Amino acid sequence: MRWGLGRSRYTIAPGLYAIGTPAGDSPVLVTANYKMTFDIVRRDMRGHDAWLLVLDTKGINVWCAAGKGTFSTDEIIRQVQRANLQQLVNHRTLIVPQLGAPGVAAHKVHKACGFKVVYGPIRSDDLPQFLRTGQTATPDMRRVRFTLTDRFILTPVELASMWRYTLWSILALFILGGIGPQIFSFSAAWSRGIIAVTVGLLGLFTGAVITPILLPWLPGRAFATRGAIAGLATGMLGLLIFSASLGWLNSLALLLAVAAVSSWCAMHFTGSSTFTSPSGVEKEMRQAIPAQAAFLLVGGLCWLAAAF
Amino acid sequence: MSSLRYLENIVTLKLDTEKCVGCGMCAVVCPHGVFTIEERKAQVVDRDACIECGACAGNCPVEALSVKAGVGCASAIINGWLTGEEPSCDCGGSC
């Protein structure tokens, strides 16, 4: 479900839920109605008593919903009133996940419904310790990370979102592969097409899987740069394997195409990462997209020319 | 984490120290440790780590902080270019 397949079914009904057997003095935790999020919070809070106020975020996780504006000040106020929380608990504190803060103004929630927002830890597995220590978070609980495991888990998300373009590109490559001295040849479409598709998939794999995993060790700041460098490296590796049969035009085409495709895919991994700013991504794209297009165009022309 | 740094000198974060009352909310909500509080005033100590999520500005009770907030996602920005609207992550739920 993380990969976006049938994700829309993984929504739970918004409202108030109980973890364990909460009473009037039990803490109130606020979360999103993405089933994966809900289940993880319940799992991490096993053995504790708490109220869980689930907002209607259309089945989206806390951080993205806060960015989209569904995990919001207004939605918190609405759910507090709907659950009649003032009657149910004898304190006036809501524990809101820190990553919900982009969508929430703590002082406005307090003004509108009398509940004070306390921002809890980023990761729900820190919740028990946070509650035990009088609702205080250590600096480490307040920082997002982007570990090797995080990056590895997220690579299929990118691949899954690209499959439609990939299928069309494969079809186009087979058709273009057939163009040659005899105008169009089905045998060339197959033999040249299959190599071009392999090259394209190598670029895709380098940009969407290898680059994210090796991210901290690749030179450059921009994702497009890191992807292009990784692409040149795997392209070289590809040349070492195929080179005997390719000729210089095809070899150049391979190198340029792998770098361009890898750079493009790596650039799209910005959305899965935790440390990119929109201003930065926009700047990177304005510089990288013309370069990627030029690489792909020159590479494509070399490949087409090699048929004659 | 130190090698996972993004582009320099690009973020739109602005802090008006005059207005700041030193409540410390920005330092609490920031997921990248951009702020510290010294002598009852917020200070930007790691500007390039800012991801422009907008949490600090939204939670500042005296509007001392401003930032052009959004999502750092290439697909969202392309969507924004194509539709002529603000970039949003409605890319089929993949984020």
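Student: How many residues of chain A are in contact with how many of chain B?

Tutor: Contact means heavy atoms within 4.5 Å. By that rule, 50 residues of chain A are in contact with 42 residues of chain B. This is a predicted model, in which local features need pLDDT of at least 70 and side-chain atom pairs count only at pLDDT 80 or more, while totals for chains, interfaces and linings use all residues. Residues are numbered from 1 along each chain as its sequence is written, chains are lettered from A in the order in which they are written, and side-chain values use heavy atoms, with hydrogens and water left out.

Student: What area do chain A and chain B bury between them?

Tutor: Buried area is the accessible area (1.4 Å probe) that two parts lose on being put together, summed over both. Here the two chains bury about 3800 Å², 62% of it on carbon and sulfur atoms. On the side of chain A, the most area is lost by A:Arg221, A:Phe275 and A:Pro278, together 17% of what that side buries.

Student: Which side chains meet in a salt bridge between the chains?

Tutor: Side chains of opposite charge can pair when their charged atoms come close. The criterion is a side-chain nitrogen of Lys or Arg within 4 Å of a carboxyl oxygen of Asp or Glu. Between chain A and chain B the count is 1 salt bridge, and B:Glu8 and A:Arg221 form a salt bridge at 3.5 Å, N to O.

Student: Where does B:Arg5 find its salt-bridge partner?

Tutor: B:Arg5 pairs with B:Asp46, the closest N and O atoms being 2.9 Å apart. The pair links distant parts of the chain, 41 residues apart: B:Arg5 is in the segment before strand E1 (14–15) of chain B, and B:Asp46 is in the loop between strand E3 (41–44) and helix H2 (55–59). Helices (H or I, at least four residues) and strands (E, at least two) are DSSP runs, numbered from the N terminus.

Student: Is A:Ser251 buried or exposed?

Tutor: Relative accessible area (1.4 Å probe, protein chains only) decides this: buried means under 20%, exposed over 50%, and partly exposed in between. A:Ser251 counts as buried because its relative accessibility is 14%. This residue is found in helix H10 of chain A, where 16 of 21 residues are buried. A polar atom of the A:Ser251 side chain lies 2.7 Å from the backbone oxygen of A:Gly247. Leaving aside neighbours within four places in sequence, A:Ser251 is in contact with A:Leu239 and A:Leu246.

Note on methods: Polar contact = N/O pair within 3.5 Å; in protein donor to acceptor, adjacent residues only side chain to side chain.
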